[in-house]
Each structure stands twice: as structure tokens, then as C-alpha cells.
Amino acid sequence: MTASTVQGRDPASLRRHNLRTLLRHLHLQGATSRVRLGEVTGLTRSTIADLVGELTERGLAVETGSSQPQSGRGRPPMIVSPREETAYVLAVSVDVDTIGIGRVGLGGTILEESETRHERVSGDPAASVNQLVRLIHAEVEPFEDAPLAVGIAVPGLVRAEDGVVTRAPNLGWRKLNLAERLRDELRFTGPIVIGNEARLAALAEHRRGAGKDCADLVYVSAGVGVGGGIVTHDRLLTGSTGYAGEVGHMITNPGGRSCHCGGRGCWETEIGADALLDQVGIVAPTNRHTALAELFAGAERSDPEVLEAFRRMCTPVAVGLANLINVFDPRRVLLGGWLQLMLRHTGEELRTALDQLRGLPELPVDLRTARFGEQGRLLGAAEAAVSGFLAELR
């Protein structure tokens, strides 16, 4: 729906809608001429000029003359760009072992990022909340401009209606209103958006990554946990409560290992990091993060033991992928986490295992590695934050 097709709204509401439409376009498409903004929105030249002027006054956009030589007479077109250096969101990616944080400008550019060890206490989120508060303060303190919004990706179930982390099994969190806790501690009045890490990574891949040109895709990432996101007809599937996409808890081996979620035989227990480490004889490592880093480095060196472990994992990985492909009929499947290494180093074996399991040749699938890797969660958190800001733009 273009800006000009909105009917039945009062002038103030219509103006807000038009401002959001222009800013969303600039965020997703980058620098755009006034003429092109008029073409994609259906708005008149004078209305575009007025709206661009307001976005510029608010510090959300900047307008410059084109540097391209023009044929014929007339002034060069004015180019409108998001003002990313000062108009930015804060993105946070909470993992079991680490926390990543960064400033991401309107337009999707990561201005700076860092990662630190997660000082978590299983079952008690207070230590994690306190650490997040310290990290956010340290990130924004050097800058005069406050973030437009904050987006946080977490490895757990996040309720859509209020952003409560209802359960994060690998963190030991239950019914944590993380947004409210952070808002109270930070005294931040802007939007704080909480989302599941895998679904946010899927959002980032769809908007800017390996799925940018694909309307129907499945994203799966395997690390300590296994998560996913499904995009259908260019929309991220959320389900009735926001929990859609918990692919790691599909039952792929009934009677298998117990899972942190309380179930048994979940896909996560078959292809998660601990299952992978078990394949090379590493059980309950004292430092899982270090053990995985060493294993992944071995894969990049084509270590025979590591590659053989990957091959043994192809069948359990293919079981879950076959189910997802048969249910959602995606045009593309994007693999993140350690599954990227599997596809890169033992992709032929994975495809063979998938072909042997699936009986629907009418549903071809394009397997690809995710573009952003671990950065996807951070970029997805940023995208969610920008969406939260646009929803509240007045």
C-alpha cells in the first residue's frame, strides 16, 4: 500500500503514515531521489518536499545534490539519505555464552559492535539484566544523540503481545519482562523491542541478506540451541502468540535425549552444539565456546576428524530440513550457525541425505548459507528496533 492510497484518515494521521512510509523506504533502499520517492509513494512533489524537510529537521534524513552529471538542462536531482551516524538504534544479541552489542544506523549500517562474555547465572536473570544495563550505558554514553530504539535478540520464547521472555531454556529464564526491567533501569522512553534470535536473524536475511530477493524461505541456525524463522509471501511467520518458528523443538527422534524444554527427542538434542561436540568425543566441556571455536577452526583446516563428524550429522540435520521443506514449501533454505560450515565442507553429503529422505521431487529447494552469520541476530535486532521506532513515529 502506497502512502497516497490511505483513505479515511485525519490529516495528522495521514501525515504520520506518509512520514513512516518515506523513512521505511530510505531505511530499506538507501539514498533515493525526490523524484523516485514520489514514484514509489504516489505523493506529489510538493508533499515529498514537505515530508523530506520534516525528516531533515528531525535529524532522521539528509538531503544533498546529486554528484552525477546531468544531460540537458535543469538542476541535478536532490538525493535523500537516512542520517545514519546520528539516527541510529542500539542492537543487542544475547547468547548463552556471549552478549553482542552495537550501534546500527538507519539504513542498516553497523557503525560499531563488540562482544563480551555473558555473565549469566542459570535460573536467575538478574545478573544478565545488570550486565545489559552496564553494556548499554557504556555503548551510548560517548554520544550526544540517544538511540531511536533498542532491539534485543534472545534465545527463547518471546510473547508477541508484550515482549515477555516466557521461557529461555538454555538461559534458565522464565516469564522475564526484559523490556520493562531495562526501561526502568535505563530510564529510556523509546521503544525496547525483544525478539527471538533466530526469527530476527531470518528477518535480517530476508531484508538485507541471502534471502533479500526471496518471498518464501526457511532459515535454520544451529549453535548451543537450534532456532529458525519462516518467511512466507514476504512476511515473517509469527503464529498466534509469536512463538512460530521453534524448529529446534520439532520431535525428530521420539524416545531420544531429554531437552532443556522438558521434551524428549527434540531436533535441538540431535544437531545442537553439544551433539556436534559429542561426535568428536568432547562431552560437557568446561568452556563450550572455546571448544566450538577450536572445532570450527578444524573444519576450516579440513581436519578429517571434524569433517567426518559433520558427515555423521548430515542425516539428523536432513531429517529436520525435510520436514520443514515438506510443510512450508520454501523457495530457499538458509543455514546459519555451524550448519553454514556443514554446507560449505560437506554440502554434497547433506544434499544426498536430504534427497534420500524426501519423496517430493516436485518441491525443489535451494540450500544456501546465510549471509550474515552470527551478525544476523544483531542486524535482526536492529531491524526490529527500527520497526518499533517507525510504529511509534509521531
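Does Glu 383 count as buried or exposed, and at what relative accessibility? At 3% relative accessibility, Glu 383 counts as buried, where buried stands for under 20% relative accessible area, exposed for over 50% and partly exposed for what lies in between (1.4 Å probe, protein chains only).

This is a predicted model, in which local features need pLDDT of at least 70 and side-chain atom pairs count only at pLDDT 80 or more, while totals for chains, interfaces and linings use all residues. Residues are numbered from 1 along each chain as its sequence is written, and side-chain values use heavy atoms, with hydrogens and water left out.

Helices (H or I, at least four residues) and strands (E, at least two) are DSSP runs, numbered from the N terminus. Strands of a sheet pair through backbone hydrogen bonds, either parallel or antiparallel, and two strands are taken as paired if DSSP finds at least two bridges between them. An open sheet is formed by five strands in the order 6-5-4-7-11, with mixed pairing. Its edge strands are strand 6 (110-117) and strand 11, each of which pairs on one side only. On average, neighbouring strands of this sheet are turned by 15° against each other, direction ignored; the axes behind such angles are lines fitted to C-alpha atoms, for helices over the stretch in contact, and angles run from 0 to 180 degrees between N-to-C directions.

Strand 4 (residues 88-94) pairs with strand 7 in the parallel sense over four bridges, and Ser 93 has Ala 153 in strand 7 as its bridge partner. Strand 7 and strand 11 also pair in the parallel sense, over five bridges, with Gly 151 standing opposite Val 193 in strand 11. Strand 11 is mostly covered, as four of its five residues are buried.

## Helices on the sheet

Helix 12 (residues 375-392) lies across strand 4, strand 5 (98-105), strand 6, strand 7 and strand 11, and runs at about 135° to strand 4. Glu 383 is found in this helix 12. Leaving aside residues up to four places away in sequence, Glu 383 touches His 27, Leu 28, Leu 203, Arg 207 and Arg 208, a contact being heavy atoms within 4.5 Å.

In helix 5 (residues 178-186), the residues Leu 178, Ala 179, Leu 182 and Leu 186 are buried. Seen down the axis of helix 5, its buried residues fall within an arc of 95°, so they line one face of the helix; the arc is that of the directions from the helix axis to the C-beta atoms. These buried residues pack against helix 4 (126-140), strand 7 (150-154), strand 9 (165-168), strand 10 (173-176) and strand 11 (192-196). Helix 5 is followed by Arg 187, whose phi is positive, near 55°.

Three strands form another open sheet in the order 8-9-10, and its pairing is antiparallel. The edge strands here are strand 8 (157-158) and strand 10, each pairing on one side only. The bridge partners in this sheet include the following.

| Residue | Partner | Strand of the partner |
|---|---|---|
| Val 158 | Val 165 | strand 9 |
| Arg 167 | Arg 174 | strand 10 |

Strand 8 and strand 9 are joined over two bridges and form a hairpin with six residues between them, where Gly 163 in the turn has a positive phi of about 75°. Three bridges join strand 9 to strand 10, and in their hairpin, which has four residues between the strands, Gly 172 takes a positive phi near 80°.

Ala 168 is found in strand 9 and is buried, with a relative accessible area of 0%. Not counting residues up to four places away in sequence, Ala 168 touches Pro 155, Gly 156 and Trp 173.

## Aromatic rings

The structure holds two aromatic pairs, where rings of Phe, Tyr and Trp (its six-membered ring) pair if their centres lie within 6.5 Å, and planes under 30 degrees apart count as stacked, over 60 as edge-to-face and the rest as tilted. One of these pairs is formed by Phe 310 and Trp 338 and is tilted, at 5.3 Å centre to centre with 40° between the planes. Phe 310 lies in helix 10 (residues 304-328) and Trp 338 in helix 11 (residues 338-357), so the pair ties together parts that are 28 residues apart in sequence. Both Phe 310 and Trp 338 are buried.

Arg 103 lies over the face of Tyr 88, at 4.7 Å from the ring centre, and the charged end of Arg 103 sits over the ring of Phe 143, 3.7 Å from its centre. A charge is said to sit over a ring if NZ of Lys or CZ of Arg is within 6 Å of the ring centre and within 35 degrees of the ring normal.
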